[in-house]
Amino acid sequence: MRVLAAVVVGVLSGAAGTVLHQTWWGLALALATGLVVLAWLPPGGVRLAFAIGWCVPVLRGALAKPAGGFLVGADAMGWSFVAGSLVLLVAALATVASGRRPVPGSGGDPGERGSPT
C-alpha cells in the first residue's frame, strides 16, 4: 500500500514540477521538493516507487504532444529539470540495496564478530 501511495505522490509531484519548471522558482521548488521527499522516504521500494512515479510525467512532458509542441522544452530550464529528475531516479536506485535487512547470523552486520576462541 505504501508503494502505491509513493507512486501516486511521485506522479502528482512530477506533474506539478513539469507545469511549473519554466520559472526559476518553479524549477527550484520542484527539484527541492523531490529531493526532500526522496530523503524522507525509507530506502528501498518505496523510495524507488516515488522516483519512478516522478519521472513518468517528466518524461511524458519531454515527448512531443500529438498536436505538436512539448511541455518540457529543450532549453536550459527544461534540460535542468530532466537532469534533476534523473538524479532523483539514480539516487533512489543507489539506495535500494540499503533498504534490505541482512539475515541474522549471515555476516551481514559489520559489527558482528566470529565465535569467541
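Author: **Helix α1 and its packing on α3**

The axes of α1 and helix α3 (residues 45–62) come within 7 Å of each other and cross at roughly 30 degrees. The crossing of α1 past α3 is right-handed. On the α1 side, the contact is made by Arg2, Val3, Ala6, Val7, Val9, Gly10, Val11, Ser13, Gly14, Ala15 and Thr18. On the α3 side, Gly45, Val46, Ala49, Phe50, Gly53, Trp54, Pro57, Val58 and Gly61 take part. By type, these contact residues divide into twelve nonpolar, seven polar and one charged. Bear in mind that the model is predicted.

Now α1 itself. The helix covers residues 2–20, 19 residues in total. From first C-alpha to last, α1 reaches 27 Å, close to the 27 Å expected at 1.5 Å a residue. Its buried residues are Ala6, Gly10, Ser13, Gly14, Gly17 and Thr18. Seen down the axis of α1, they fall within an arc of 140 degrees, so they line one face of the helix. The face of α1 turned away from the buried side carries Leu4, Leu12 and Val19, which are exposed.

Serine 85 sits in helix α4 (residues 76–94). Serine 85 counts as buried because its relative accessibility is 2%, and the cut-off for buried is under 20%. Leaving aside residues up to four places away in sequence, serine 85 touches Leu31, Trp54, Cys55 and Val58. Trp54 and Val58 also belong to the α3 side of the contact with α1.

How values were computed. Residues numbered from 1 in each chain as written. Predicted model: local features only at pLDDT ≥ 70, side-chain atom pairs only at ≥ 80, totals over all residues. Heavy atoms only, no water. Helix = DSSP H or I, 4+ residues; strand = E, 2+ residues; numbered from the N terminus. Buried < 20%, exposed > 50% of the residue type's maximum accessible area, 1.4 Å probe, protein only. Contact = heavy atoms within 4.5 Å. Expected span 1.5 Å × (residues − 1). Arc of directions from axis to C-beta. Axes fitted to C-alpha atoms, helices over the stretch in contact; angles between N-to-C directions. Left-handed = near helix turned anticlockwise from the far one by under 90°. Nonpolar A, V, L, I, M, F, W, Y, C, P; charged D, E, K, R; others polar.
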